[in-house]
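Work through the exercises below with the model in view. Try each task before reading its solution.

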Amino acid sequence: MTQVRQRFTPLQRLLHWVMALCILAMLFIGVGMVSTITPTYLSLVSIHKPLGIAILVLALIRLALRLRDGAPALPTGLPEPMKLAAHLSHVVLYLLMIGMPLIGWAMMSAAAYPVVLFPGIHLPSILPLSASLHTLLWNAHFYLAFALFALILLHVAAALYHALVRNDGVFETMASVSVAGEEG
Amino acid sequence: MPEPRRSPPRSLIGSLVLIAAVVGCGAAAFAYTAGWFSPRRLTPDRLVDAFSPPNAEPLGHRRNHAKGICFTGVFESNGAGATLSTARVFTSGQYPVLGRFNLATPNPDAPDATVPVRGMGLRITTPDGQQWRSAMIDAPFFAVATPQAFYALLEASGSKDPKAMPEFIAAHREFGAFAAWVGSAPWTGSYAEEPYNGLNSFIFTDGSGAEHAVRWSLIPQAKPVPISVDDLAKRGPDALEQEITTRIQAGPARWTMVVSLANPGDPTADPSKAWPADRRKVEVGTLVVQQIEPERDGPCLNINFDPTVLPKGITTSDDPFPAARSAAYAKSYDRRTAEAKYYPGTATEAKP
């Protein structure tokens with residue numbers, strides 16, 4: 001990176017907003033599917049698995065772009081604790097975006113369930129059958145899902161705080177998918 | 001980076017209220033979706049809870065069909081099913097099978113003569129890695145018409161209120177036929193002499209894309225020998241597991257898999273209603289049970305015979321039971337695998 005950008009790249013912004021929709025849908029599908037025994041259960045499960053793998057793929061692409069293209073610097077006037085919170089929360093968001101699908105995949109594998117993406121298309125098992133591993137991964141998937149949702153709420157609150165209270169341009173670094181007004 | 005001031009500052013209080021409202025609405029929508037505001041929603045937890053009295057769950061065991069024994073063998077497909085479904089399992093050939101004979105009870109220590117309904121869990125794997133899992137019982141039709149009615153049955157039978165069962169029976173007329181079957185069907189002394197019926201309807205899709213509503217059954221090739229329940233009791237509490245172990249040591253047991261096709265208008269959504277006997281039937285192959293293994297260290301211990309694990313070419317129908325069973329079986333699986341220390345297996349655990 002030779003110049004300090006004011007915004008994330010258009011591709012980064014597009015990925016952010018597509019993934020925001022996918023991850024929110026994923027979390028609602030997750031808590032919804034485990035709370036019902038109606039046929040909706042099967043529909044939701046059949047979306048949950050391929051959508052999770054799609055999020056994993058998108059998150060890996062996004063991580064590569066982040067490493068290549070970086071991120072706009074935070075405002076110089078931002079207090080250090082807020083800068084630290086911003087950096088840490090982004091690290092944890094990346095860890096969860098990549099970790100949750102892998103944990104889900106491993107959890108299914110440890111229970112010897114076929115990981116079906118579409119009828120006739122399934123992923124290989126990545127763990128042997130194991131009650132103890134299944135339980136460990138199930139707990140991780142369950143509790144980290146709530147942690148991820150809480151972190152997303154915090155992320156939304158922080159973004160709105162930047163936009164509405166500080167009005168410091170941080171919200172605008174990611175706000176629009178449009179390339180209009182793009183510098184360079 | 002400079003701090004741009006692109007719009008006039010808003011009221012601080014107004015902004016903070018807006019942020020709190022957005023976060024609060026998000027959290028509330030999540031809680032609503034999770035059912036936290038809907039205590040009457042029939043969740044997998046509530047359904048599974050209903051199988052056992054509180055604090056009397058069979059720790060480490062399946063929450064229903066808790067008593068069982070593993071088997072392995074093959075499914076010999078004769079190729080006839082290929083006209084009905086593109087599933088690889090219907091191409092003629094031999095495919096490995098893992099299964100479990102079981103008793104329909106939440107008590108893993110129930111004496112055999114106290115449980116009138118017997119079942120079989122089955123998993124057939126094809127070389128393309130696809131699986132067909134099924135869990136069947138020996139009754140010719142199910143006890144109730146809907147998953148909600150099944151939950152009501154569990155609630156009523158577990159209730160201390162003497163009026164609970166009569167009220168349930170009055171409200172669910174279909175249960176009478178099942179109770180009559182339980183009271184009149186002859187007992188046998190062997191898992192090998194029982195038929196195992198899928199009961200739920202599924203959809204087979206053939207090579208032309210045409211869909212067929214079907215049910216399947218495994219019909220024993222061993223001749224059923226009726227036995228009085230008193231004589232079965234005299235053989236001991238675990239006579240069925242001892243008998244099937246001895247029998248299979250002497251030679252394999254076989255079942256013919258028969259697929260029944262619905263006529264237009266047949267009740268596909270209600271497993272308590274058997275289809276008329278004249279419906280077209282296709283024999284698609286033979287299940288050969290070759291080896292019996294105790295459940296504790298057996299290959300079926302940590303397998304969930306979820307009836308919605310289906311190969312391409314078979315899908316669920318408008319029958320609501322497979323979805324309800326899948327949700328409940330998964331919950332039962334999550335609980336019992338977390339309780340493995342109460343019923344430890346070693347053979348199927350990953351070696352360190």
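**Exercise 1. Find the buried residues of α1(A), then find what they pack against.**

Solution. Start with the test: a residue is buried if 20 or more other C-beta atoms lie within 10 Å of its own, exposed if 12 or fewer, and partly exposed in between, with C-beta atoms placed from the backbone. In α1(A), A:Gln12, A:Ile23, A:Met26, A:Gly30, A:Val31 and A:Met33 are buried. Next, take their partners. Within chain A these residues pack against α2, α3 and α4 (131-166). From chain B, α1 joins in. Here, a contact needs two C-beta atoms, placed from the backbone, within 7 Å. Helices (H or I, at least four residues) and strands (E, at least two) are DSSP runs, numbered from the N terminus.

This is a predicted model: local features need pLDDT of at least 70, side-chain atom pairs count only at pLDDT 80 or more, and totals for chains, interfaces and linings use all residues. Residues are numbered from 1 along each chain as its sequence is written, while chains are lettered from A and ligands numbered from 1 in the order in which they are written.

**Exercise 2. Check the span of helix α2 of chain A.**

Solution. The expected span is 1.5 Å times one less than the number of residues. Now look inward. Its buried residues include A:Tyr41, A:Leu44 and A:Arg62. The buried residues of α2(A) pack against α1 (10-33), α3 (80-110) and β1 (115-118) of chain A, and against α8 of chain B. After the helix comes A:Gly70, with a positive phi near 70°.

**Exercise 3. Describe the side of chain B that touches chain A.**

Solution. Count first: the contact takes 49 residues from chain B and 44 residues from chain A. On the side of chain B, α1 (12-33), α2 (44-49) and α8 (321-338) each give two or more residues. The largest share, 10 residues, comes from α1(B).

**Exercise 4. Which strands of chain B pair with β11(B)?**

Solution. Strands pair if DSSP finds at least two bridges between them. Strand β1(B) (residues 67-77) pairs with β11(B) (residues 281-293) in the antiparallel sense over eight bridges. B:Thr72 stands opposite B:Gln291. Strand β10(B) (residues 253-261) also runs antiparallel to β11(B), joined by eight bridges. There, B:Val258 stands opposite B:Glu283.
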